[in-house]
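Dear colleague,

Please find below the structure that I am handing over to you, followed by an account of what was found in it.

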Amino acid sequence: MTPAERARHIDKQEFAAECKAARERAVAYATRCRKREKEKVKAWLSGAEPAPINLAAMTIARQPVTHCVNGECRTMDGWAKHLGISKHALIIRRRKLGSLEAAIAMGFGSQRGRQPSLIEFNGEALTIKEWALRLGIKEDSLRHRMHTGRTAKEAIALGGPLRRPDPGVASNFAHSEGTGAGSTAQETPKITFSEDA
């Protein structure tokens with residue numbers, strides 16, 4: 001037997017011994033646990049011990065978290081409904097402004113409680129909704145223009161629906177003139193190929 005084969009044989013024997021020992025420890029632990037559980041059940045049936053409490057089976061009803069601002073306490077859903085905005089919008093406000101107090105102090109949404117602001121352009125003062133209607137675009141599209149770095153006046157000055165170039169078509173090529181062969185272009189009815197390839 002070579003030294004490598006002998007080493008492998010010793011490793012196999014050691015592994016088998018370790019597996020046997022681990023199995024024996026597991027069986028002994030399981031036996032102890034079963035015995036302990038039997039004793040608990042017997043004690044409970046005899047009335048000597050209170051019934052075991054199964055924490056996994058218990059469900060704890062969670063109370064909604066309330067947030068108090070200026071003496072008023074509401075849940076996040078309640079504050080969002082009070083302000084006339086979605087809960088998601090309120091969470092975004094809180095993240096941007098750093099606190100719920102600042103997000104609530106920002107005021108009502110456009111749905112209730114305040115007059116929509118007017119945007120003056122070319123001598124006319126209209127709301128965002130009215131400008132979108134005048135331009136023939138959705139209100140969200142106009143708001144998106146304003147949130148991408150443009151002022152309200154720049155967004156309105158862009159006019160109606162913006163056309164995007166067709167995908168895959170380059171529009172920055174210079175105008176072409178002819179085939180590039182000049183006056184020497186001719187029709188060749190028969191094309192021959194050389195066999196040296």
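S117 lies in the loop between α4 (100–105) and β3 (119–121); helices (H or I, at least four residues) and strands (E, at least two) are DSSP runs, numbered from the N terminus. With a relative accessible area of 47%, S117 is partly exposed (buried means under 20% relative accessible area, exposed over 50%, and partly exposed in between, with a 1.4 Å probe and protein chains only). Leaving aside residues up to four places away in sequence, S117 touches L126, T127 and I128, where contact means heavy atoms within 4.5 Å. The C-alpha atoms of S117 and T127 are separated by 6.0 Å, although the two residues are ten apart along the chain.

Please note that this is a predicted model, in which local features need pLDDT of at least 70 and side-chain atom pairs count only at pLDDT 80 or more, whereas totals for chains, interfaces and linings use all residues. Residues are numbered from 1 along each chain as its sequence is written, and side-chain values use heavy atoms, with hydrogens and water left out.

The loop between β3 and β4 (124–126) contains N122. N122 has a positive phi of about 55° although it is not a glycine. Most residues other than glycine have a negative phi. N122 counts as exposed, at 68% relative accessibility.

C68 belongs to strand β1 (residues 67–69) and is partly exposed, with a relative accessible area of 45%. Its contacts, not counting residues up to four places away in sequence, are C73 and E101. Between the C-alpha atoms of C68 and W79, which are eleven residues apart along the chain, the separation is 9.8 Å.

W79 also takes part in a helix contact: M76, D77, W79, A80 and L83 in α2 meet K87, L90, I91, R93 and R94 in α3. These residues divide into six nonpolar, no polar and four charged (Ala, Val, Leu, Ile, Met, Phe, Trp, Tyr, Cys and Pro count as nonpolar, Asp, Glu, Lys and Arg as charged, and the others, Gly among them, as polar). Helix α2 (residues 76–83) and helix α3 (residues 87–97) pack at an angle of about 100°, with their axes 8 Å apart. Axes are lines fitted to C-alpha atoms, for helices over the stretch in contact, and angles run from 0 to 180 degrees between N-to-C directions. The helices α2 and α3 are therefore roughly perpendicular to each other (angles under 35 degrees count as roughly parallel, over 145 as roughly antiparallel, 65 to 115 as roughly perpendicular and the rest as oblique).

On the α5 side the contact is made by I128, K129, W131, A132 and L135, and on the α6 side by E139, L142, R143, R145 and M146. By class, this contact of α5 with α6 has six nonpolar, no polar and four charged residues.

For the protein overall, there are seven helices and four strands, which follow the pattern α-β-β-α-α-α-β-β-α-α-α along the sequence. Of the 197 residues, 15% are buried. Among contacts between residues at least 6 apart in sequence, 26% join residues at least 24 apart.

As to confidence, the mean pLDDT (the predictor's confidence in each residue, from 0 to 100) is 77, and 73% of the residues reach 70 or more. Confidence is highest in helix α1 (residues 3–46), at 89, and lowest in α6, at a mean of 78. Where pLDDT is low, the predicted coordinates should not be read in detail.
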